[in-house]
Amino acid sequence: MHPDHTTPMSSQPPPPSRGGRRLRNIVVTMALGATMFAVGAVMLTPSGNTAPPPAGHGQPDEAPRGSIEALQARVARLPKDPGGWAALGMAYVQQARSTADPATYDRAEKALRTSLSVQGRGNTDAETAMGALAAARHDFPAALRWARKATTSGPYSSSAYGVLADAHTQLGHYDEADEAVQKMTDLRPDAASLARASYAFELKGNTARARALMQRSLAAAATPADKAFAHSVLAGLDLQDSNPREALARTQTALRTDPTDSALLETRARAYLALGDTTKAVADYRAAIAIAPLPHYLLGLGELEQALGHRERAAQNYDLLRAQERIREAAGDPADTDAILFEADHGNPRRAVALAEGTLRNRPFVAVHDAYAWALHRAGQDTEALVQADKALAQGTRSALFRYHRAAIHHALGGPEAARRDLTEALREPGFHPLHADAARDLLQRIDTTS
């Protein structure tokens, strides 16, 4: 997993970060096509089989359409239209995601609060969008509260159940998240719900089932953004399955249709890195950052430049990360896992521990447990680190980075055999990290030499 997607709603859940790239980008849900009705909804049965949904579901509202300019004109013309304000607010959330501009969230909240002031009760659109906004800000307890309001006022809104699923996932309520995803797919088996169903299986390490569901999400995708997202996820699964050539081919094909999709560029950069073509990997990282300077892009490029011995170039990316971190601190938002891992590896590990502890209180998600484990290890607290590393992998999540982190902790605690097992699993994904992949190979060689 690379385990951070009616009414305004994304076809992907919201973002975790390096431990959850799947959740990063938000795009608007499209109308449900007749083809997906024929296919049927996904039932998350223990065996992984699918079954059709119960009959008699109502139709959720369609997604908002139009540019921000068009939505602004709409609310100027109809200032008492709660749906218009809700659509504008969610459009601002989408914009902030794609531009990495946190100030846009303030405009989103203002628009959504206006919608709620016009219609305070039964405003499912605005409640769903407020949940999505809270999730985008990584305030998942607030996202859960808003999602519960939305599913109460709009029990047939699949988008509201999508936000509910996202909040439960990031809060570590995995069974409740599965129930919400199931409800979402029952109501509307479109690209958005299928993407979440796919992620539910990916979190459990079932990449084959995750891939099948993501292929169905791709087939249901009706916008270029949703198609690009599906291709990016499928390429990420290719990388997990040690097939970087397939990941490269997939991203190249998708980028011919949408050459400015930053997530596709970043995924192709990782494919190039796995294949050893660092020149093209650097170029794609730079292209992605030029479109959206997201923290995981900056960290990925910075660490790649560092691995190549380009210290000044690495430092430029790290300086941008630090500037973003200062903005986050000023806003009082919790740290994402990128910030925790960056601080652990390139700053003060004890500060990384403090950041992780603050984040974990409101977001006990697998990626946060992993980041906390690594921060503890870097701070010399390996006994505590192992507890967190085990929690990060308790769902069965396939993450080479998580495995490497736990291997280093096992080795520090004098457990070479446990370290070897995790290193072997981590190295099934070639080039999983610009710096740590080489460190994993070196550590495995040392263990083999001394055993």
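Guide: Across the whole of this predicted model, a search finds 29 salt bridges. R403 forms a salt bridge with D422, with the closest N and O atoms 2.6 Å apart. Because R403 lies in helix α21 (residues 400-412) and D422 in helix α22 (residues 416-426), this pair ties together parts that are 19 residues apart in sequence. The side chain of R406 also meets that of D422 in a salt bridge, at 2.7 Å from N to O. R406 lies in helix α21 and D422 in helix α22, so here the parts tied together are 16 residues apart in sequence.

D422 has 2% relative accessibility and counts as buried, because the cut-off for buried is under 20%. R406 is buried as well, with a relative accessible area of 15%, whereas R403, at 25%, is partly exposed.

Another pair is R378 and D345, whose closest N and O atoms are 3.6 Å apart. R378 is partly exposed, with a relative accessible area of 40%, while D345 counts as buried at 18% relative accessibility.

Salt bridges also join into a network, which links R211, D238, D241, R250 and R398.

Note on methods
Residues are numbered from 1 along each chain as its sequence is written. This is a predicted model: local features need pLDDT of at least 70, side-chain atom pairs count only at pLDDT 80 or more; totals for chains, interfaces and linings use all residues. Side-chain values use heavy atoms; hydrogens and water are left out. A salt bridge is a side-chain nitrogen of Lys or Arg within 4 Å of a carboxyl oxygen of Asp or Glu. Buried means under 20% relative accessible area, exposed over 50%, partly exposed in between (1.4 Å probe, protein chains only). Helices (H or I, at least four residues) and strands (E, at least two) are DSSP runs, numbered from the N terminus.
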